[in-house]
Amino acid sequence: SISSVNDRPILNTSSTSQEFPSVLEDVRTVDNQGGSVPWLLQGAVTDPDLYLHSGVLLPDNSVQGVAITSANMTNGVWQYSLNGRMTWLNLSPTVSPKHSLLLLSNNLTAIRFFPNPHFHGVVSMSFKAWDATRYTEESYVDTTNLVDDSEPFSLNTSTATITVVSVNDQPVIESGTQVVTIVEDIPDNQNLGVSTSNLLTNGHASDNDTNAEFGIPSELGV
């Protein structure tokens with residue numbers, strides 16, 4: 001007889017290049033729900049162990065999951081939830097193909113990116129399929145063995161991205177009083193006032209938005 005051994009799951013990378021729902025810059029945690037692991041995979045995983053062999057389904061405990069092999073955390077942190085988004089845990093900052101996080105594919109498990117304050121742009125993470133026949137959820141393991149076909153990880157890696165959309169930030173100016181001195185009875189044509197540009201420069205006005213133009217509300221009477 002020929003004994004059954006585990007076969008790698010197969011990840012169809014052409015159908016798993018996902019984009020997480022975009023979030024706004026400075027998003028509140030309650031508004032940042034990420035995506036579930038089943039959504040991330042979207043039926044793109046097949047497992048030879050679950051095929052019929054001569055009309056018979058062999059005993060097998062393969063289930064779908066992911067191994068997160070990389071995550072860009074320069075401008076924020078990738079997080080995961082195991083309890084339906086009630087609480088979130090940070091991915092290890094050293095996640096890599098040799099130190100990959102394992103997550104099962106079910107409706108309680110989700111992944112999200114939480115950006116640093118004022119960051120906006122596109123961020124990515126990568127993953128392999130995991131069939132859960134070896135190791136346990138939340139473990140960090142080496143997924144780089146490309147020789148042994150009984151490994152529980154797909155050979156292929158897929159990438160998912162998220163866009164953090166820019167929003168306006170309030171400008172900041174130093175609090176205090178600026179004093180401008182003029183002489184008593186100065187002729188009107190010599191009283192040139194103070195430009196708004198000078199007021200803002202002396203007040204060290206700043207703005208996180210790179211395309212911002214400064215001004216002063218008219219009700220200030222300048």
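Analyst: T143 counts as buried, at 1% relative accessibility. Buried means under 20% relative accessible area, exposed means over 50%, and partly exposed lies in between, with a 1.4 Å probe and protein chains only. This is a predicted model: local features need pLDDT of at least 70, side-chain atom pairs count only at pLDDT 80 or more, and totals for chains, interfaces and linings use all residues. Residues are numbered from 1 along each chain as its sequence is written, and side-chain values use heavy atoms, leaving out hydrogens and water.

The site first. T143 sits in the loop between β13 (140-141) and β14. Strands (E, at least two residues) and helices (H or I, at least four) are DSSP runs, numbered from the N terminus. The T143 side chain reaches the backbone oxygen of P97 at 2.8 Å. It also makes a polar contact with the side chain of S100, at 3.4 Å. A polar contact is a pair of N or O atoms within 3.5 Å; within protein, one must be able to donate a hydrogen and the other to accept it, and residues adjacent in sequence count only if both atoms are side-chain atoms. Neighbours within four places in sequence aside, T143 is in contact with A67, T69, P97, S100, K128 and F153. Contact here means heavy atoms within 4.5 Å.

Next, the sheets. An open sheet of six strands runs in the order β2-β14-β12-β7-β10-β13, with mixed pairing. β2 and β13 are its edge strands, each with a single partner, so one side of each has no neighbour in the sheet. Two strands pair if DSSP finds at least two bridges between them. β7 and β10 run antiparallel and are joined by four bridges. There, G65 stands opposite L104 in β10.

A second open sheet has four strands, ordered β3-β11-β8-β9, with antiparallel pairing. Here β3 (35-36) and β9 (89-90) hold the edges with one partner strand each, so each has one side left without a neighbour in the sheet. Two bridges link β3 to β11 (residues 110-115) in the antiparallel sense. S36 faces A110 of β11.

Now the packing. The largest nonpolar core has 28 residues, and those with the most contacts inside it are F20, I68, W78, L103, I111, M125 and F127. At least two residues of this core come from each of α1 (37-41), β7 (65-71), β8 (76-81), β10 (100-104), β11, β12 (121-130) and β14 (158-165). β12 gives the largest share, four residues. A nonpolar core is a set of buried Ala, Val, Leu, Ile, Met, Phe, Trp, Tyr and Cys residues joined through side-chain atoms within 4.5 Å. I111 touches F20, G34, G35, V37, L40, I68, W78, Q79, Y80, W88, L103 and M125, not counting residues up to four places away in sequence. Apart from this core lies another, of six residues, among them A67, W130, V141 and F153. A67 and F153 are also among the contacts of T143.

Then the rings. The count comes to four aromatic pairs. Rings of Phe, Tyr and Trp (its six-membered ring) pair if their centres lie within 6.5 Å; planes under 30 degrees apart are stacked, over 60 edge-to-face, and the rest tilted. W78 and F113 form a tilted pair, 5.3 Å centre to centre with 55 degrees between the planes. W78 lies in β8 and F113 in β11, so the pair ties together parts 35 residues apart in sequence. W78 is buried at 1% relative accessibility, and F113 is buried with a relative accessible area of 1%. Y135 and F153 have ring centres 5.9 Å apart and planes at 10 degrees, so this pair is stacked. Y135 is in the loop between β12 and β13, F153 in the loop between β13 and β14, and the two are 18 residues apart. Y135 is partly exposed at 37% relative accessibility, whereas F153 is buried at 1% relative accessible area. Ring pairs also link F20, W39, W78 and F113 into a cluster.

T13 belongs to the loop between β1 (10-11) and β2 (23-24). T13 is partly exposed, with a relative accessible area of 28%. T13 and S158 are 145 residues apart in sequence, yet their C-alpha atoms are 5.3 Å apart in space. Leaving out residues up to four places away in sequence, T13 touches N156, T157 and S158.
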